[in-house]
Amino acid sequence: MNRVIAVVKDLFFVARIRETARLVGTPLDFARAPEEVAPALAAGPADLVILDLTTNGWDYDAVLKAIERATPRVPVLGFTTHALARLTQPLHGRCERVVTKETLTQELPRILREGVPA
């Protein structure tokens with residue numbers, strides 16, 4: 001992987017993703033607010049965006065539009081919780097894959113090395 005951008009505000013997942021990326025050797029940048037997404041994408045090529053779909057108050061349409069405008073198109077791995085899966089459902093179609101936080105935690109090393117499976 002060239003670089004992963006994690007759009008995550010939750011400090012627990014920031015730490016988990018950062019440490020796992022360090023261990024597998026994947027370059028990683030964070031966008032911790034919606035307005036940080038476009039500059040993060042403009043900073044250089046990215047192979048994957050990991051997007052937390054559970055942050056209250058975020059304009060996910062704006063976040064996903066910023067990602068969709070990136071050239072070349074960057075695949076999105078969204079993550080949610082079982083409890084919020086139905087609420088986040090309208091966003092799932094704009095992601096290559098959506099997983100629960102539990103699945104993300106289990107698969108994170110592979111995802112950071114290989115990306116989102118086709």
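**Exercise 1. Find the residue that caps the N-terminal end of helix 3, and give the distance involved.**

Solution. The capping residue is Asp59. In this predicted model, one of its side-chain oxygens lies 3.2 Å from the backbone nitrogen of Asp61.

**Exercise 2. State which residues of helix 3 are buried, and how they are placed around the axis.**

Solution. Step 1: helix 3 runs over residues 60-69. Its buried residues are Tyr60, Val63, Leu64, Ala66 and Ile67.
Step 1: these residues cover an arc of only 155° around the axis, so they sit on the same side of helix 3.
Step 2: look for what covers them. The cover includes two helices, helix 2 (37-42) and helix 4 (85-92). It also includes strand 1 (4-7), strand 3 (48-52) and strand 4 (76-80).

**Exercise 3. Describe the largest nonpolar core and say which elements build it.**

Solution. Step 1: this core has 21 residues. Those with the most contacts inside it are Ile5, Val7, Val37, Leu41, Val49, Leu51 and Ile67.
Step 1: strand 1, helix 2, strand 3 and helix 3 each give two or more residues to the core. Helix 3 supplies the largest share, 5 residues.
Step 2: take Val49 as an example. Beyond four places in sequence, Val49 touches Ile5, Val7, Leu41 and Ile67, and also Val74, Pro75, Val76 and Leu77.
Step 3: another core, of 18 residues, lies apart from the largest one. Among its residues are Val8, Ile17, Ile50 and Val99.
Step 4: In soluble globular proteins, nonpolar side chains tend to be buried together.

**Exercise 4. Locate Thr26 and decide: buried or exposed?**

Solution. Step 1: Thr26 is in the loop that lies between helix 1 (11-24) and strand 2 (28-31).
Step 1: the relative accessible area of Thr26 is 9%. Buried means under 20%, so Thr26 is buried.
Step 2: list the contacts of Thr26, leaving aside neighbours within four places in sequence. They are Met1, Val4, Ala21, Leu112 and Arg113.

How values were computed. Residues numbered from 1 in each chain as written. Predicted model: local features only at pLDDT ≥ 70, side-chain atom pairs only at ≥ 80, totals over all residues. Heavy atoms only, no water. Buried < 20%, exposed > 50% of the residue type's maximum accessible area, 1.4 Å probe, protein only. Helix = DSSP H or I, 4+ residues; strand = E, 2+ residues; numbered from the N terminus. Arc of directions from axis to C-beta. Contact = heavy atoms within 4.5 Å. Polar contact = N/O pair within 3.5 Å; in protein donor to acceptor, adjacent residues only side chain to side chain. Core = buried A, V, L, I, M, F, W, Y, C linked by side-chain atoms within 4.5 Å.
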